[in-house]
Amino acid sequence: MLLGSEAPGRRTKCLGSARASEKVSASALHSENRGGESPAVPSQLSASTQKEAEAGDRAQSSTPNPQDPPGKEDLETAAEGLPSAALRPLSPRRRPCPPPQLLAAPPRGRCAAAQPAQPDPCYDETGQPRRCIPDFVNAAFGREVRASSTCGRPPGRYCVLAERGEERSRACHLCDAADPKRARPPAYLTDLNNPHNLTCWQSEAFPQHPRNVTLALALGKKFEVTYVSLQFCSPRPESMAIYKSMDGGKAWVPFQFYSAQCRKMYNRPSRAPITKQNEQEAVCTDSHTDVRPLAGGLIAFSTLDGRPSAHDFDNSPVLQDWVTATDIKVVFSRLHTFGDENEDDSQLARDSYYYAVSDLQVGGRCKCNGHASRCVRDRDDGLVCDCKHHTAGPECDRCKPFHYDRPWQRATAREANECVAHLASNRLQSKYFGYFH
């Protein structure tokens with residue numbers, strides 16, 4: 001949708017009077033057809049002006065509505081004697097092209113041609129190739145999340161915990177998937193996050209260990225992930241894990257573990273040191289696992305934080321592989337409780353313990369190996385890199401045909417590593433296509 005522009009009103013001319021026809025010039029009709037241009041026109045009309053006046057008298061006697069557009073007879077009469085270039089049918093004046101900053105999407109057609117060419121980030125001012133990368137985005141935004149447990153099917157009660165000093169209270173509500181005002185679907189995880197009007201996905205009540213609750217998110221293609229974060233509407237879990245997949249969800253590798261009991265829950269030491277020998281291993285930490293705050297708590301995992309080679313990422317294939325993911329999975333393993341789930345009124349307590357998340361984010365860039373500045377949709381509506389530097393593939397991970405003079409390499413800040421056409425391949429290609437000319 002275009003913003004900041006209005007559709008101009010349809011301009012009409014009354015060609016019915018002799019007085020108007022005496023002032024009709026080729027420039028007026030020509031500018032209508034050319035959208036306001038001012039080409040050179042003859043200084044006088046032909047002798048058919050008298051005929052136009054007579055036609056105008058006849059039209060005036062029929063008392064036309066001055067707001068009506070000119071009819072075919074009017075055009076034919078007014079066009080007699082004009083140069084052939086002016087004999088195109090009249091059309092409404094073209095919309096002006098709005099400034100590009102006011103457009104919600106790239107311009108098309110005539111307006112696209114009118115926009116100044118934007119410099120290609122993959123080449124410098126002299127046309128030499130250089131490394132380029134897509135914009136940093138929240139790759140989870142608007143994407144579908146598959147949840148293994150969601151409240152409301154069937155409708156069920158849940159209670160919200162609150163504390164005032166040493167006093168603890170509960171306010172109970174109904175979760176009903178059939179009622180939009182009471183539903184807590186997974187779509188709320190990746191919609192527009194408004195802190196003044198939070199919408200939360202919520203699991204069924206009391207899915208306690210050993211039962212897990214999982215959230216699975218497909219990113220659409222390979223991304224280089226910088227962080228994974230979750231904003232909670234309930235207390236944060238006592239134990240949870242983040243996993244990644246590089247093959248569309250077929251195989252999963254752990255990214256990070258959170259637990260107050262790392263050894264018991266995940267058989268890993270708490271806060272194990274990271275060295276160059278284990279840069280590609282997930283660690284377990286007991287940070288961010290306290291029961292408080294009861295709502296609004298955040299867990300944010302940075303994929304490169306504490307990794308020794310992070311400062312030299314361009315030259316670390318291990319870390320480049322470590323941050324690459326096509327899918328993200330979050331597994332909630334154990335709830336935090338106050339220990340009252342087994343007391344006399346245990347059902348009320350159990351209805352107070354569940355997982356609820358308002359926002360799931362995956363920050364990163366479309367993986368293009370330094371050979372593209374953006375990702376686009378292909379014919380099958382899949383997400384692929386808009387490859388430059390004579391590269392090809394969903395991640396620009398190979399050279400185009402006939403460009404194998406040197407092996408493919410990832411672009412770096414110092415070297416674009418553009419694929420180079422092979423001289424012998426060029427000769428063979430020219431000879432091959434020469435048969436068809």
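## The largest cavity

The largest cavity in this predicted model has a volume of about 40 Å³. A cavity here is a set of points, on a 1 Å grid over the protein atoms alone, where a 1.4 Å probe fits but cannot get out. The volume is the space filled by probe spheres set on the points, with grid points joined across faces, edges and corners. By this rule there are two cavities of 30 Å³ or more.

Lining residues have an atom within 4 Å of a point. For the largest cavity they are P235, R236, P237, L335, H336, S352, Y353, Y354 and Y355. Six of the lining residues are nonpolar, two polar and one charged. In this scheme Tyr, Leu and Pro count among the nonpolar residues, and Arg among the charged ones.

## Residue S229

S229 sits in strand β6, which covers residues 213–232. Strands are DSSP runs of E with at least two residues, and helices are runs of H or I with at least four. With a relative accessible area of 10%, S229 is buried (under 20%, with a 1.4 Å probe and protein chains only).

Beyond its neighbours within four places in sequence, S229 is in contact with L298, I299, A300, D359, L360 and Q361. Contact means heavy atoms within 4.5 Å.

## The whole chain

The chain has nine helices and 16 strands. Of its 437 residues, 36% are buried.

## Basis of the values

Residues are numbered from 1 along each chain as its sequence is written, and side-chain values use heavy atoms, leaving out hydrogens and water. The model is predicted, so local features need pLDDT of at least 70 and side-chain atom pairs count only at pLDDT 80 or more, while totals for chains, interfaces and linings use all residues.

Technical notes: Buried means under 20% relative accessible area, exposed over 50%, partly exposed in between (1.4 Å probe, protein chains only). On a 1 Å grid over the protein atoms alone, a cavity is a set of points where a 1.4 Å probe fits but cannot get out, and a pocket is an open set with protein on both sides within 12 Å along at least five of seven lines; lining residues have an atom within 4 Å of a point.
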